[in-house]
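Student: Please show me the chain and its model. I would like to go through the confidence, the strands and a few single residues.

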Amino acid sequence: MDRKALVFRVLCAFCVLRGSAFVAAQFQMPDPKTLSGIPRPVTDLPDRSISIRVIRGDMSNNLPNIPVDLHIGSTVETVKTDASGHAQFNNVAAGATLKASASVDGEHLESQEFPAPASGGIRMLLVATDKDKEAKDKAAATAPAVTGQVTLGGQSRIILEPGDDSVQVYYLLEIVNPARVPVNPPSLFMVDMPGEAVGTSLLEGSTPKATVNGTRVRVAGPFPPGPTLLQVAAELPSRDGVTDITQHFPAALDQLAVVVKKVGATKISSPQLATQQDMAAEGEAFIAGSGAGVPAGQPIVLHIEDMPHRSSAPRWTALVLAIVIVAIGLWAVTRPEDRAEYEAERKRLVVRRQKLMNDLVRLEAEYRHRKIDPARYQNRREDLVTALEHVYGALDTDDPTPESGRAGFAA
């Protein structure tokens, strides 16, 4: 699953569970504008039904009596929104290419293209701009900046996606300036990712004031009134299905909210998580954990275990084999009088080398003809190459016999 898709599925889970006291208390909806025009499959509508809700600015401002066009292939159906701002289209041909659009006070709203479902329905928001609020926000944002504090607001959350031998980490941070004018924090806003993190990057939708240098993320001030979004992704290694994360944020976190994609028996624990709840969205399972606020600079400690991982047995086997081969070589070179046994061991290594080469050639042929799973191919190939490297290393060891050692090896 790509990064954008995972974040969207988590947001959908929040929408599904928004009536729950747990979610209502810990997770707020993001800016509706970020969800405008995105189709969301649901099971609470009749099959092949499309429900489109038109709002202005926020979820409390429904727009009734707005004509909504649904483009179905080359045809267009139009339905006006009801008192709750909904326009519903029923019995849409399964598989047809759809796109919804509407106009609100001259502003054209349009959705993504999407296929009509064969079962279940689609819900969607079309969000018009609240121009009065936008004008007030613009005026406040252009006022001179003052020194002030920012916090990490209620939409901030940590999302974790376990994978083979790694965890994808996403920080979706809402940096909130509660003042009515821009502020500059007393010190530069910086987030240092865990030291072992690789591939630290910014996700689409982050403030343009954010930059990344290695594992350090900086956000330059001043911060305008209201929220500034910072969305960071990185990858952390896991060992034997276990990962520990320690993270400091430069501003106080209003509430700790952590979501983990549940793969197999994945578990999360932390002394800072007061509650946990399983939830589902789009056929995926998640664990949602919440805790109290975290002061600026205080570490957030998370422990994830029972994640999917590859067995370490092949690596240990290769290591033991290497140790045995080196030990045999050392023993042989310290026993010059036992030349016959040394040469016999060398012949055994040559035979083993040929067998490993044959196994490698056969493995490559099976992979080219798609007779082996890619993951199994990669693991087996690594084992064979490692074993070959150690055999070649043993064969390259100098013969301890001064007169004939190097010449014998060269032959």
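Student: What pLDDT does the protein chain average?

Tutor: The model is predicted, so local features need pLDDT of at least 70 and side-chain atom pairs count only at pLDDT 80 or more, while totals for chains, interfaces and linings use all residues. Residues are numbered from 1 along each chain as its sequence is written, and side-chain values use heavy atoms, without hydrogens or water. pLDDT is the predictor's confidence in each residue, from 0 to 100. In the protein chain 82% of the residues score at least 70, and the average is 83.

Student: Over residues 12-29 the pLDDT is below 50; how many contacts does this stretch have beyond near neighbours in sequence?

Tutor: A contact means heavy atoms within 4.5 Å. Residues 399-411 also have a pLDDT below 50, with 20 contacts in the model beyond near neighbours in sequence. For residues 12-29 the corresponding count is 40.

Student: How many strands does the protein chain have?

Tutor: Helices (H or I, at least four residues) and strands (E, at least two) are DSSP runs, numbered from the N terminus. The protein chain has seven helices, and its strands number 25.

Student: What share of the residues of the protein chain counts as buried?

Tutor: Buried means under 20% relative accessible area, exposed over 50%, and partly exposed in between (1.4 Å probe, protein chains only). The protein chain has 411 residues, and the buried share is 41%.

Student: In the open sheet of three strands, which are the edge strands?

Tutor: The order is β20-β25-β22, with antiparallel pairing. Between β22 and β25 (residues 300-305) there are three bridges, and Lys267 has Glu305 as its bridge partner. Pairing on one side only marks the edge strands, β20 (243-247) and β22 (267-269).

Student: Is Gln168 buried or exposed?

Tutor: Gln168 belongs to strand β13 (residues 166-177). Its side chain joins that of Glu235 in a polar contact of 2.7 Å; such a contact is a pair of N or O atoms within 3.5 Å, where within protein one must be able to donate a hydrogen and the other to accept it, and residues adjacent in sequence count only if both atoms are side-chain atoms. Because its relative accessible area is 17%, Gln168 is buried.

Student: Which residue does a cis peptide bond join to Gly221?

Tutor: Most peptide bonds are trans. Here omega is about 0°.

Student: Is Asn91 buried or exposed, given its relative accessible area?

Tutor: Phi of Asn91 is near 55°, a positive value in a residue other than glycine, and Asn91 sits in the loop between β5 and β6 (97-104). Arg48, in the loop between β1 (40-42) and β2, also has a positive phi, near 65°, but at 28% relative accessibility Arg48 is partly exposed. With a relative accessible area of 57%, Asn91 is exposed.

Key
Two strands pair if DSSP finds at least two bridges between them.
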